[in-house]
Amino acid sequence: MSAALLTTLVLLIGVIFFVPPVRRVLISDRLLKVFRKILPKVSQTEQEALDAGTVWWDGELFSGKPNWNKLLAYPKPRLNAEEKAFLAGPVEQLCAMLDEWHITRELYDLPPHVWQFIKDNRFFGMIIPKDYGGLGFSALAHSEVVMKISSRSGTAAVSVMVPNSLGPSELLLQYGTEAQKNHYLPRLAKGLEVPCFALTGPDAGSDAGAIPDFGIVCHGEFNGDADVLGMRVTWEKRYITLGPVATLLGLAFKLQDPDGLLGDQKDLGITLALIPTNTLGVNIGRRHFPLDAAFQNGPNSGKDVFIPMEWVIGGREGVGSGWRMLMNCLAVGRSISLPATSTGAAKLAARTSGAYGRVRVQFKTPIGRFEGVEEALSRIGGNTYMMDAARMMTAGAVDLGEKPSVISAIVKYHLTERGRQAINDAMDVHGGKGICLGPSNYLGRNYQHIPVSITVEGANILTRNMIIFGQGAVRCHPYLLEEIRAASNGDTVRSSVQFDKALWGHIIFTVGNGLRSLLHGLTGASLASAPGSVGTEMQRYYSQLTRFSAAFAFLADISLLVLGGALKRKERLSARLGDILSMLYLCSAVLKRFKDDGRPAADLPLVHWSVQDALYRMQEAFDGVLDNFPGRILTARLLRFVVFPLGKPFSPPPDELGHQIATLMLTPGEARDRLTAGIYMPTSADEPLGMLEQALQCAVVCEAVEMKLRAAVKAGRIPAQDDEKIAEALKQRVISTTELELMGKMKSMRRRVIMVDDFPPDFGRASGGTPETASASASASASTSASTGA
């Protein structure tokens, strides 16, 4: 080939690919037509869900080259003095008032004096600004309060968290009219109103956008006026927390305007309204009873209930904007409430399992020393550390002004699932102590209630399979959303220019991530970016996460390219891609927490276990995508070479790490206290947890005494038989009288710790009570107190 011909060919290629007008005509516009055909149809509710919230650190993880210095530069989330005082004062007092056995077995509700304490101390107004009479707390404080209460009583935690999560307060703050804010927010803050929010119905659960509940715009009679513009609303809702005792009902329904009273549009869309529960036609049904949990939850309904237009959140301007409002508020609420309750349960599991493992003895050895129990303890400790790190980092993001919609789904799913694992492991460690319910069982109710948190605010199966990657791929990707917007643009010229720019940026982005993934795989990520201020021990983790970020971004793009709209139906592939994104986020939280805490050496086993476990899980998720890439063996092999050119490098955390974590949990000290910080810990020996902690302290001291005895037996100074051993040991001055008394105290305390509750043979029948009848008076008192604002 002549030099002239070669030059001409290079120039021609250069013109085609690097002169935008030519490139658009020859390539981009043709691909735009194909893209429009394969692009799945997006409903209005799906689009509003995609547009909800903000992109934060999840966007960096999707970039293929996260800026770790940016993450570490975010300020450490901190409580202010007022928030600390509230936790040490009213929250501590509330926890001391709670007896979960009495609440869940006998009252089936919070006692009236507890309801009143919650209202008087403005627990319902944590997120409401001080200008409206609320506490004006940060998201971190909100999280800390809910976490602490949940370690004592799930019933109280749910009752406190719901008014501060997805509900009237948040919706009013973001979208209410000034009149609505001025009227309701002070009353909500003071507990004069008890709120609930009704979204889920019998035929619309996870597919909340399909709610059949409807309203018809019309004129009707209201407060003596016969010609008030409003709507007649018909609905049936269920699973509504606080519904049975609520005085103010937030309601989601589809609004229709057949007579054109508001304009030309007939179907106005999902609309939200605030309805006092004493409104004529509102029916508050019988309560639900979710897995022995005593928090108030139940159905409500109404048929042709007339409400004025002023009751729509946001007034007339808020008509049809309900789904957008819900999605934006859920992005915040879901980031805080359930992650906090799950972390509280995990910290309780860690604190009690470590202590019980040291106090409970079998084969003359604390059970926590057995390798099988160590394995369970290591999972509890590692999961708890990671959960708390993610909880704090996410709450910190909210306090920075973010509304992290994708991250909220990640922490909701993974923290509730890891909380379930922690409680399951704790039950295994406790054995019979855990399965016998009664006043001294501090784990049983958590074990029963875990499926509730798994189910609510987005069922976990669908959250993992459809939301995390499905929403994340569109929201967090630097080019995909722009391509979708270009394809939807009705302006032909602008659409062409917009799509061309996004498309070629996308191509360069994908190729770059593929090359980085291959390079990092061949070099063991030794060339991957890592901040220099974190110490050499942590740099490897940052580098490996950078490697996996590039591999994830590349594999996500290839999946979208090959499968197109079909990826929406490939839920297992989508779930595995979501798992990778989730592990990247959880690892980021762990590394940031370690840095924010000042890199304490005692916490290193927890950091190592958490990150190594997540790296292995990511590797297996990659493997699952590659093994199941549909119908394209050659493509899957090529992708595997790009992601794992030298094979799979990661293994689960080694046993030695598990041993170190178990030792940390069995030993009183700063590391154990940091791991379980923020839960309620009574000190009185009359409390099961107080007795357990005292027994742990005694067991640590007594182990030194027992070592003396074993050494004396081995040396032949005293007999091996227990009855003779103690007397002879005292006679031979192997132990002192004080140490003998300590041994006796330990024996008594150990017995108290391991004993379980027992009841008469007619237990449960003697009073003739049932959950339904037992709850009647308590619920009535809560409702009366709520409605009167006493």
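1. A salt bridge here is a side-chain nitrogen of Lys or Arg within 4 Å of a carboxyl oxygen of Asp or Glu. By this rule the count comes to 35 salt bridges. Side chains of opposite charge can pair when their charged atoms come close.

2. On the basis of the note: this is a predicted model, in which local features need pLDDT of at least 70 and side-chain atom pairs count only at pLDDT 80 or more, while totals for chains, interfaces and linings use all residues. Residues are numbered from 1 along each chain as its sequence is written, and side-chain values use heavy atoms, with hydrogens and water left out.

3. Confidence. The mean pLDDT of the chain (pLDDT is the predictor's confidence in each residue, from 0 to 100) is 89, and 93% of the residues reach 70 or more. Helices (H or I, at least four residues) and strands (E, at least two) are DSSP runs, numbered from the N terminus. Confidence is highest in helix α6 (residues 81-97), at a mean of 98, and lowest in helix α30 (residues 771-788), at 41. Over residues 773-790 the pLDDT stays under 50. For that stretch the model has 30 contacts (heavy atoms within 4.5 Å) beyond four places in sequence.

4. Lysine 148 and glutamate 92. These two residues form a salt bridge, with the closest N and O atoms 2.6 Å apart. The pair links distant parts of the chain, since lysine 148 sits in helix α9 (residues 139-150) and glutamate 92 in helix α6, 56 residues apart. Lysine 148 is buried at 10%, whereas glutamate 92 is partly exposed at 29%.

5. Glutamate 178 and lysine 181. Their side chains meet in a salt bridge of 3.7 Å, N to O. The two residues are about one helical turn apart because they stand three residues from each other in helix α12 (residues 178-189). Glutamate 178 is partly exposed, with 48% relative accessibility, and lysine 181 is buried, with 13%.

6. Lysine 595 and aspartate 596. A salt bridge of 3.8 Å, N to O, joins these side chains. Aspartate 596 counts as buried at 16% relative accessibility, while lysine 595 is partly exposed at 31%.

7. A charged network. Salt bridges link Lys76, Glu144, Lys347, Asp388, Arg391, Arg593 and Asp597 in a network.

8. Asparagine 383. This residue lies in helix α14 (residues 371-399) and is buried, with a relative accessible area of 1%. Its side chain is joined to that of arginine 418 by a polar contact of 2.6 Å. A polar contact is a pair of N or O atoms within 3.5 Å; within protein, one must be able to donate a hydrogen and the other to accept it, and residues adjacent in sequence count only if both atoms are side-chain atoms. Leaving aside residues up to four places away in sequence, asparagine 383 touches Arg418, Gln421, Trp609 and Arg617.

9. Alanine 346. Helix α13 (residues 322-359) holds this residue, which is buried at 0% relative accessible area. Not counting residues up to four places away in sequence, alanine 346 touches Ile380, Thr384, Met387 and Ala422. The C-alpha atoms of alanine 346 and glutamine 93 are separated by 22 Å, and these residues are 253 apart along the chain.

10. The second largest pocket. On a 1 Å grid over the protein atoms alone, a pocket is an open set of points where a 1.4 Å probe fits, with protein on both sides within 12 Å along at least five of seven lines; lining residues have an atom within 4 Å of a point. The volume of the second largest pocket is about 970 Å³. It is lined by 27 residues, of which Glu706, Asp722, Lys725, Met743 and Arg750 are the closest to its centre. Two or more lining residues come from each of β9 (365-366), α27 (688-714), α28 (722-731) and α29 (737-754). The most come from α29, with eight residues.

11. Backbone points to check by eye. Leucine 242 has a phi near 75°, a positive value in a residue other than glycine. Leucine 242 lies in the loop between β3 (225-241) and β4 (248-256) and is buried, at 0% relative accessible area. Phenylalanine 363, also not a glycine, has a positive phi near 55°. Phenylalanine 363 is in the loop between β8 (361-362) and β9 and is exposed, at 75%.

Notes:
Buried < 20%, exposed > 50% of the residue type's maximum accessible area, 1.4 Å probe, protein only. Points joined across faces, edges and corners; volume = space filled by probe spheres on them.
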